[in-house]
Amino acid sequence: RYGRPGKGNDKGNVEGMVGYARRNHMVPIPCFSDWDAFNSDLEAQCRARQDHVLRGHKETIGARLHRDLVAMRPLPAAPFEACDQANGRVSSQSLVRYDTNDYSVPVAYGHQDVWIRGYVDQVMIGCRGEVIARHPRSYDREDMVFDPIHYLPLIERKINALDQAAPLAEWNLPEEFDTLRRLMEARMLKMGRREYVQVLRLLESFGMDDLHAAVKKALKLGTVGFDAVKHLALCQVEKRPPRLDLDVYPYLPRANVEMTSAASYMALVSEAAE
């Protein structure tokens, strides 16, 4: 029998099972790092319960479930999207408002219409047929949820905003990134700061773990530059050794610079006198 949405009295058994799960699996209140870990624990407890035999029955819950599944219709080919769907528009600050909170999107999508899907644990934002941003869902009010990577293309053009940009204010990068920036700025001043932002933009294509490993390798080799870090990140992903040391290229010609004799200059002077 089908029940009406929001009418618990139409589906008492379902509502009762929600209460059973809360009392038996969520008391005391559980603590997990994220929703995936919480769901994994709930699934494990539910699967363990399939070995129980309820009062008035001779079969286990798992055996009865298997018999019921045979009579049920197959699941649809596309999974059901358990989310709230809405539409929005990107503001001049590259933010999209959903449920009183603002979520960032890449600056390239400024002033465009977007669609929003609000899940229990995350907010997904897309433009046309492309997903352009994912954020952990905030249940505060008037909150601003930033992804610093979304603003790096703009900061690369307005490099003086690197230290004042609000989206980057609480971005806690590993200490090796600070060392890399200091060395780049000492070598190239303002251009070094822009090249450092280019290194950060590699996070658009690489994961933080791979880029962090590449930065540490670059500092160890003394190859402080965007091209070197990008090369090392590719090597990290492809599991191949880097090609930054000329010793691995024995076939390259070696330059042989000899000392210049002063007599050679005297010969030039004599020729000019003639």
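This is a predicted model: local features need pLDDT of at least 70, side-chain atom pairs count only at pLDDT 80 or more; totals for chains, interfaces and linings use all residues.
Two helix pairs were examined. Helix α5 (residues 175-188) and helix α6 (residues 190-200) cross at roughly 145°, and their axes come within 6 Å. The crossing of α5 past α6 is right-handed. On the α5 side, the contact involves F177, L180, R181, M184, E185, R187 and M188; these residues meet K190, M191, G192, R193, E195, Y196, V199 and L200 of α6. By class, the residues of this α5 and α6 contact comprise eight nonpolar, one polar and six charged.

The second pair is formed by helix α7 (residues 208-221) and helix α8 (residues 226-238), which pack with their axes 8 Å apart and at an angle of about 125°. Angles from 65 to 115 degrees count as roughly perpendicular and those over 145 as roughly antiparallel; α7 and α8 are therefore oblique to each other. As α7 passes α8, the crossing is right-handed. The contact of α7 with α8 is made up of 10 nonpolar residues, one polar residue and two charged residues.

Three aromatic pairs occur in the structure. In the pair of W35 and F38, the ring centres are 6.3 Å apart and the planes stand at 50°, so the pair is tilted. Both W35 and F38 belong to helix α2 (residues 35-49), where a spacing of three residues places them about one turn of the helix apart.

Several backbone features fall in loops. The peptide bond from V27 to P28 is cis, with omega near -5°, and P28 is located in the loop between α1 (12-25) and α2. Positive phi values occur at two residues that are not glycine, T100 and E142. For T100 the phi angle is about 75°, and this residue sits in the loop between β2 (95-98) and β3 (101-104). For E142 phi is near 60°; E142 is placed in the loop that lies between β6 (130-136) and β7 (144-145).

Technical notes
Residues are numbered from 1 along each chain as its sequence is written. Side-chain values use heavy atoms; hydrogens and water are left out. Axes are lines fitted to C-alpha atoms, for helices over the stretch in contact, and angles run from 0 to 180 degrees between N-to-C directions. Helices (H or I, at least four residues) and strands (E, at least two) are DSSP runs, numbered from the N terminus. Angles under 35 degrees count as roughly parallel, over 145 as roughly antiparallel, 65 to 115 as roughly perpendicular and the rest as oblique. A crossing is left-handed if the near helix is turned anticlockwise from the far one by less than a right angle, and right-handed if clockwise. Ala, Val, Leu, Ile, Met, Phe, Trp, Tyr, Cys and Pro count as nonpolar, Asp, Glu, Lys and Arg as charged, and the others, Gly among them, as polar. Rings of Phe, Tyr and Trp (its six-membered ring) pair if their centres lie within 6.5 Å; planes under 30 degrees apart count as stacked, over 60 as edge-to-face and the rest as tilted. Contact means heavy atoms within 4.5 Å.
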